[in-house]
Amino acid sequence: RELLNKDAELKSLWQGAGKNIGDTTRSGYDFGIVKRLLYLGRRDIDEIATILALRPNGAVREGGRSDNYILRTIANALIK
């Protein structure tokens with residue numbers, strides 16, 4: 001919550017708005033959130049995974065995605 005209050009871009013992505021790449025899928029927003037967290041210096045994979053799992057309108061909750069989805073999203077963000 002502290003990060004959401006401090007970073008407007010992260011907050012926008014969390015709420016499902018403000019993505020610049022044209023992708024409006026929930027998983028695209030999840031990816032954007034991970035990229036933003038990495039940009040902000042967050043490196044704890046467990047912390048990032050928890051954040052994705054808790055996102056109210058994210059692909060994890062809305063799509064019933066698994067832990068593999070979370071780890072794959074984080075891995076993709078790390079290598080891109």
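Select Asp7 to begin: this residue is buried, with a relative accessible area of 11%, where buried means under 20% relative accessible area, exposed over 50% and partly exposed in between (1.4 Å probe, protein chains only). Asp7 is found in the loop between helix H1 (2-6) and helix H2 (8-14), helices being DSSP runs of H or I with at least four residues, numbered from the N terminus. The model is predicted, so that local features need pLDDT of at least 70 and side-chain atom pairs count only at pLDDT 80 or more, while totals for chains, interfaces and linings use all residues. Residues are numbered from 1 along each chain as its sequence is written, and side-chain values use heavy atoms, with hydrogens and water left out.

Leaving aside neighbours within four places in sequence, Asp7 is in contact (heavy atoms within 4.5 Å) with Arg36 and Leu40.

Next, select Arg36 together with Glu9, which form a salt bridge with the closest N and O atoms 3.2 Å apart; the term stands for a side-chain nitrogen of Lys or Arg within 4 Å of a carboxyl oxygen of Asp or Glu. This pair links distant parts of the chain, with Arg36 in helix H3 (residues 26-39) and Glu9 in helix H2, 27 residues apart. Arg36 counts as buried at 15% relative accessibility, whereas Glu9 is partly exposed at 40%.

Move on to Arg55 and Asp30, whose side chains meet in a salt bridge (2.8 Å, N to O). Arg55 lies in the loop between H4 and helix H5 (59-63), and Asp30 in helix H3. Arg55 is buried at 2% relative accessible area, and Asp30 is buried at 0%.

Definitions and conventions:
Helix = DSSP H or I, 4+ residues; strand = E, 2+ residues; numbered from the N terminus.
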